[in-house]
Amino acid sequence: MPPLLDQKCGKHFSYRDFIECSDTHQKHRPYNVPRSIETYEALEVLANKVLDPVVVEFGKSKLTYGVSCPELTRLIRKGISPPHDQHASYEKNSRGRYICSRLGAAVDFLTEEYDSLSVAKWIVTNCEFDRLYVYGADRPIHVSVGPEDKKHIVIMRKSKVRAGRVPRLIKVENFLQLAAEDI
């Protein structure tokens, strides 16, 4: 049986925090409650291994995009690829297959008083994670945990030739040398 949504999944976050945090959810209020018990377990790992340590180190964090069940995903028109999007966690499609084969869980978040690049560098050196995406020093960080445990760091740089951002996988040592203007 799944836990209650207001139950804590870490010291600082409840399951509801991950389920209802996105702008799309706030605007449309779709049914976005995970059906898979493994999704709840993955959110607990994400909260305990990444977000709780971030809160201890940097203070309050604001979740901007958490769990994305099919009803929420349908409302998001651009910028996501469900087969690669760990926001789907362990949820399944109508055919009974995992929406995202990477599994795990993902969240996008900001801290109130620190830039995202500084927080991301701290995560890389102090936390267990699968994938981490940095969109800029003033934009939310995307971080996931999952069974692949890739420790991939991706910089999402603004494209010079077209609208949007271009992903670039970067090695840890190079990432730790980046300045905010490099992104």
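Predicted model: local features only at pLDDT ≥ 70, side-chain atom pairs only at ≥ 80, totals over all residues.

Q: OK, salt bridges then. How many salt bridges does the count come to?
A: The count comes to 7 salt bridges, taking a salt bridge as a side-chain nitrogen of Lys or Arg within 4 Å of a carboxyl oxygen of Asp or Glu. One of them joins the side chains of Asp 149 and Lys 151, at 3.1 Å from N to O.

Q: Is Asp 149 buried, exposed or partly exposed?
A: Asp 149 counts as partly exposed because its relative accessibility is 39%. Lys 151 is partly exposed too, at 35%.

Q: And what does Glu 148 form a salt bridge with?
A: Arg 131, with the closest N and O atoms 2.8 Å apart. Glu 148 sits in the loop between E4 and E5 while Arg 131 is in strand E3, so the pair ties together parts that are 17 residues apart in sequence. Helices (H or I, at least four residues) and strands (E, at least two) are DSSP runs here, numbered from the N terminus. Arg 131 counts as buried at 5% relative accessibility, whereas Glu 148 is partly exposed at 38%.

Q: Which residues are linked in a network of salt bridges?
A: Asp 6, Arg 16 and Glu 20.

Q: Switching to strands. What does E2 pair with?
A: E2 pairs with E1 (residues 61-65) in the antiparallel sense over 4 bridges, and with E4 (residues 141-145), again antiparallel, over 5 bridges. Two strands pair if DSSP finds at least two bridges between them. Asp 108 in E2 is the bridge partner of Tyr 65, and Val 107 stands opposite Val 143 in E4.

Q: Which residues touch the most other members of the largest nonpolar core?
A: Phe 18, Phe 109, Ile 123, Leu 132, Val 143 and Phe 175, out of 46 residues in that core. H3 gives the largest share, 10 residues. A nonpolar core is a set of buried Ala, Val, Leu, Ile, Met, Phe, Trp, Tyr and Cys residues joined through side-chain atoms within 4.5 Å.

Q: What is Phe 109 in contact with?
A: Leaving aside neighbours within four places in sequence, its contacts include Leu 51, Ser 61, Ile 123 and Val 143, where contact means heavy atoms within 4.5 Å. Ser 61 lies in strand E1 and counts as buried, at 7% relative accessibility.

Q: Last one, H3. Where is the kink centred?
A: On Ala 47, with a kink of about 40°; the bend at a residue is the angle between axes fitted to the seven residues ending there and the seven starting there. Ala 47 is among the buried residues of H3, and what covers those includes H1, E1, E2, H5 and E4. Just after H3, Gly 59 takes a positive phi of about 90°.

How values were computed: Residues numbered from 1 in each chain as written. Heavy atoms only, no water. Buried < 20%, exposed > 50% of the residue type's maximum accessible area, 1.4 Å probe, protein only.
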